[in-house]
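Here is a short report on one protein chain.

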Amino acid sequence: MGMTDVLIVGAGPTGLVLACDLARRGAAVRIVDRSPVPPRTSRAKGPNARSLEILDDLGVAEEVLAAGSAPLPMLKYRDRLPVAETDPWADSAPSPDALYDRGRLIAQWRLEEILRDRLAGYGVHVELGREVTGLAEGPGGRHVDVTFTAGRTERARYVVGCDGSHSSVRKLLGIGFEGATAEDQVMVCGDVDLADGALDRTRWHQWFDEDGAVMLCPIPGTRTGWWFQAGPERDGRGRPLAPTADGFRRLLARHTALPGRALTGAELLSTYRVNVRMADRFRAGRVFLAGDAAHVHAVAGGLGMNTGIQDAFNLGWKLGLVLAGHAGAELLDTYEEERLPVAARTLDLTSERLRATLEAIRRPGGGLDAAITSDTTGLGVGYRWSSLARGLAEDPRPGDGSPDAEVRTARDGERPAPQPGDRAPDAPCVDAVTGARTRLHRVFAGHGTTVLGFGPGSAAALREVAAAYGDAGVRTCRVYAAHEDRAESGPGAAVVDDEGHAAAAYGTKASDGTGTGTGTSTLVVVRPDHHLGLSAPADDTRSVPAYLHRLHGGTRSAEGAAERFSGIGGRRR
């Protein structure tokens with residue numbers, strides 16, 4: 001019986017992002033979905049800013065940007081008349097440390113098409129019509145036996161359930177899914193066609209009346225397609241009625257100035273109830289949960305799909321390093337350690353945004369913009385509480401706080417230097433060899449840990465890192481100040497911080513700007529998922545090797561690495 005490295009169950013955005021990430025790392029990955037055809041849904045309206053960074057790392061952001069549209073201004077109505085217009089992103093702009101300041105509108109089925117095409121480029125295709133009916137740990141706990149309908153059993157080293165809120169994987173594991181469904185908070189949804197020219201497609205139209213609501217947002221890439229959301233029709237006892245095309249027409253005629261006949265078609269009809277639940281744990285042995293299989297949120301703020309994409313990006317590199325023999329299996333413990341608190345906080349955040357939105361729409365001019373805050377970009381999510389962010393045992397980091405205390409907003413002006421666990425800032429720079437403009441996130445893109453070196457004193461340490469951990473997928477990058485002497489070239493990449501944005505973002509003073517290099521030289525370790533692992537003075541001969549050993553220790557690729565660092569200080573003094 002052949003062995004798959006990772007079997008992913010569920011081919012929505014979470015499963016597809018994880019499959020793409022693992023496939024590019026060389027893992028033997030398979031992805032199955034119980035649906036006989038590619039699932040077609042428009043539930044999620046698109047990736048937020050942090051998810052766009054992840055899609056950029058995977059090499060599909062340009063295609064997503066081309067297929068989607070920018071978030072639209074919201075035009076709010078009361079009693080069929082426009083009363084207010086709001087652009088939640090009017091005061092936002094890309095910054096040197098964040099290329100994407102806002103998300104992108106794109107139909108979920110279109111995003112999934114783009115990800116499936118990317119995955120096919122690695123020779124991996126979604127296996128449709130395959131439903132998992134059994135999971136059992138193999139002898140010695142070295143693999144998982146996966147049973148499919150019709151009784152066929154296959155083996156995988158790891159299994160990841162990305163199969164949605166009704167997850168078969170979660171149920172087979174017997175993992176609880178605690179929370180509540182608000183039966184009274186109901187919305188009917190669908191993709192509809194409106195008569196050509198019926199509404200301005202440069203706006204998200206929102207009618208909020210005392211007796212109901214209708215929201216219509218144009219679907220990018222279509223000429224007459226719109227996302228339709230509304231309060232449901234109700235029967236004589238006040239119970240919500242199932243969505244139908246004729247029901248949508250009646251709702252349209254009741255709340256808007258459009259006649260019902262302006263709605264010419266409707267598909268993908270569904271009823272949405274506010275559902276706030278989270279799995280007791282995100283892992284059972286060699287089986288993991290991600291996305292809606294692990295947590296479901298209120299729709300406000302659009303964080304459901306995005307939290308799943310970010311789960312996948314956290315788990316992918318860890319599985320990749322372990323499977324390649326570049327990290328010990330204990331690294332996988334940090335997936336739940338890092339992502340479960342984020343999911344818990346996201347449940348609270350989305351519930352609070354829903355409350356704020358329901359309050360806002362009671363007043364004329366209130367709308368869905370009440371759900372949007374800097375938190376919903378995802379750029380401020382970090383893991384300062386993680387064991388991968390803590391100081392060494394003999395040099396403990398003070399104040400291990402909760403995720404609530406540590407999440408930073410992404411657009412709050414001047415900020416202190418990022419701390420271990422925080423998202424690693426981006427910065428525009430110049431490739432030192434080709435002279436082409438690039439960005440730090442482009443340097444990070446791919447599949448390895450990156451060690452940045454600021455200042456002349458970092459050169460020797462970068463050479464030692466490359467020698468000790470290059471085989472484990474660790475890359476180095478020398479960040480030169482604008483006027484710094486670049487005669488001494490070393491291994492790895494090199495960029496010129498020509499506008500000083502990288503030094504500013506990471507809080508380093510790598511040189512005095514004249515090339516004399518009188519400032520402090522600094523090493524910065526960036527994890528493969530763009531989160532800061534460690535920042536230390538370049539003459540600290542202990543911290544960086546100890547941190548890299550924490551990630552890669554106990555593996556063949558790390559043998560002797562600590563010893564190879566032992567002479568750094570002596571050679572530099």
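Strand β17 and strand β21 (residues 493-497) run antiparallel and are joined by two bridges. Strands pair here if DSSP finds at least two bridges between them. Helices (H or I, at least four residues) and strands (E, at least two) are DSSP runs, numbered from the N terminus. The model is predicted: local features need pLDDT of at least 70, side-chain atom pairs count only at pLDDT 80 or more, and totals for chains, interfaces and linings use all residues. Residues are numbered from 1 along each chain as its sequence is written, and side-chain values use heavy atoms, with hydrogens and water left out.

Valine 430 has valine 496 as its bridge partner in β21. In β18, its bridge partner is arginine 437. Strand β17 (residues 428-431) pairs with β18 in the antiparallel sense, over three bridges. Five residues lie between the strands of this hairpin, and glycine 435 takes a positive phi near 80° there.

These strands belong to an open sheet of seven, in the order β18-β17-β21-β20-β19-β22-β23, with mixed pairing. β18 (437-439) and β23 (532-537) stand at the edges with a single partner strand each, so one side of each has no neighbour in the sheet. Neighbouring strands are turned by 30° against each other on average, direction ignored. Axes are lines fitted to C-alpha atoms, for helices over the stretch in contact, and angles run from 0 to 180 degrees between N-to-C directions.

Strand β19 (residues 450-454) pairs with β22 (residues 522-526) in the antiparallel sense over five bridges. Leucine 452 has valine 524 as its bridge partner in β22. Helix α11 (residues 459-469) lies across β19, β20 (475-481) and β22, at about 165° to β20. Contact means heavy atoms within 4.5 Å.

The chain has 15 helices and 23 strands. Of its 573 residues, 56% count as buried. Buried means under 20% relative accessible area, exposed over 50%, partly exposed in between (1.4 Å probe, protein chains only).

The structure holds 32 salt bridges. Each is a side-chain nitrogen of Lys or Arg within 4 Å of a carboxyl oxygen of Asp or Glu. Among them are these:

| Pair | Closest N to O |
|---|---|
| Arginine 24 and aspartate 57 | 2.6 Å |
| Arginine 527 and aspartate 529 | 2.8 Å |

Arginine 527 and aspartate 529 are both buried. Arginine 24 is buried at 15% relative accessible area, as is aspartate 57 at 8%.
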